[in-house]
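Please look at the model shown here and follow how its parts meet.

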Amino acid sequence: MKKLTLDELVSLCKRRGIIFLTSEIYGGYAGFFDWGPVGVELRKNVVDSWWNYFVRFREDVYGLFGAIIMHPKVWEASGHVDRFIDWLVECKKCHARYKAEELIEEQGIEITDYSPQNLERIIREHNIRCPNCGGELSEPKKFNLMFETYVGSVKSEEAIAYMRPETAQGMFINFKIYSVYARNQLPFGIAQVGKVFRNEIAPRNFIFRCREFEIAEIEYFINPAEANECPYFSEVKNVTVKIWTKEMQKKEQEPKEMSIGEAYDEGVFSNMWHAYWVGESLKWLNKIGLSMENLRVREHLETELAHYSAQTFDIEYNFPFLGWKEIEGIANRTDYDLKRHAKFSGEKLYMVINGEKIIPHVIEPSWGVERVILALLTEAYSVKENRVVLKIPYELAPYKVGVYPLLKREPFIKKAREIFMQLKNDFEAFLDISGSIGKRYARADEIGVPFGITIDHQTLEDDTVTIRFRDTWEQIRVKTSELKETLNKYLNK
Ligand code: GAP
């Protein structure tokens, strides 16, 4: 089967109102995207699925809708002002700027040490030059990814504030409020989803690397003395996936298929809660349609770890046009953030449980909405008889039902409108009257509508309609009085 290209996906997304580059009438604006009518619904369904799975239907995770701009001290305490950086190289001739690790990876070279010294060594040894003009590249320099803005009427140094590059800090600065809300018990989690901003040196690959995007994350606070006591572990221990530890990467071994239980027993994870959150994250990604064959878990090398993390696992997706790439990270942030905020704010950020002072440790699953949706669209994209069919899981499909009069005239239109009115309060439905019936089916397949209801000559005689299935193109005939019940059955409602 022919491999899907990124261009094909980008074209579908634009053609069908899913996602497109912003400000196109001004030539576009790199790294920023707009979501169209279909994309808005898809995004909402994916985020809702996550929120239901990890917040609404759990006993131990509470939601937060925090500010995007917080006190500037938050970012000093978190370490982002000093350490949220990429290594940038600049062409000495044309002054084009690049992210060093990306230039190297584009040459097919795998990096096993992300230090600036090693990045420079690889660039020199492989004679990597400016892709724009062939000029020599500078040594790697630090580049802070945070966007700055000014707050208040005076644009001075003191008025500088930052657009959040992660949602996590909103949960740490509210730790006291939430620990009371959680009735002073551990463990508990805080979840948040929202916009974040990163001034990426080279935004690229459509929505894979944006400058404005959404992150969904949970800060899960545990008692470090009980880090290996996870009462939910049986729910994930049989989840099986390819795991690539840092040792395997250093020895140039292939990833190994293991269950989360086996990997935990072999000491792969920093603790049982960490293993649990990797397992739960995989379960949800699989539930929304990503197959386990296309997912793998890769441990960060020491030189790659974020400044706050003791151990991080990426969940990577095998994009046909990019290879294996990170879509989610699960980090053990230890007590780093709470201690830093306690130091910078002077507040007491700990709990006293049974007379014992505890600074909780934090496991953080964190995924990017754009990247997961890119993976989802990739997995759903299929071609049948030269036509695109987007096989999104029914639960996530932006529209569930299309209603079509076979012919664009009365009394077919009147009957179609009647059926649409009958369905519209129970299903995300639309009525499509324009173009031939074949074109209408094709349009619906491209945005992943699972069912098409057609009003034909027989409908006018015996009040039956056909239901056409997106994935098989098969049709069945049902009485209009049984339509709602039949659709509910297929939707598992
Ligand atoms: N609080 C942890 C954190 O922010 P991260 O690995 O930097 O961790 C989390 O980001 C997730 O956000 C990543 O796994 C990825 O899915 C997504 N992500 C990161 N940078 C991105 C970008 N420039 N564009 C789109 N998504 C991005």
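Between domain 1 and domain 2 of this predicted model, 4 residue pairs are in polar contact, both residues being at pLDDT 80 or more; a polar contact is a pair of N or O atoms within 3.5 Å, where within protein one must be able to donate a hydrogen and the other to accept it, and residues adjacent in sequence count only if both atoms are side-chain atoms. On the side of domain 1 that touches domain 2, the residues divide into 4 nonpolar, 3 polar and 5 charged, with Asp, Glu, Lys and Arg counted as charged, Ala, Val, Leu, Ile, Met, Phe, Trp, Tyr, Cys and Pro as nonpolar, and the others, Gly among them, as polar.

The model is predicted, so local features need pLDDT of at least 70 and side-chain atom pairs count only at pLDDT 80 or more, whereas totals for chains, interfaces and linings use all residues. Residues are numbered from 1 along each chain as its sequence is written, and side-chain values use heavy atoms, with hydrogens and water left out.

The domain bounds come from an automatic or database domain assignment and are as follows.

| Domain | Residues |
|---|---|
| domain 1 | 36-79 + 147-379 |
| domain 2 | 85-144 |
| domain 3 | 399-491 |

The C-alpha centres of domain 1 and domain 2 lie 28 Å apart, and 12 residues of domain 1 are in contact (heavy atoms within 4.5 Å) with 16 residues of domain 2. The two domains also share 3 salt bridges, each defined as a side-chain nitrogen of Lys or Arg within 4 Å of a carboxyl oxygen of Asp or Glu. R209 forms a salt bridge with E102, their closest N and O atoms being 2.0 Å apart.
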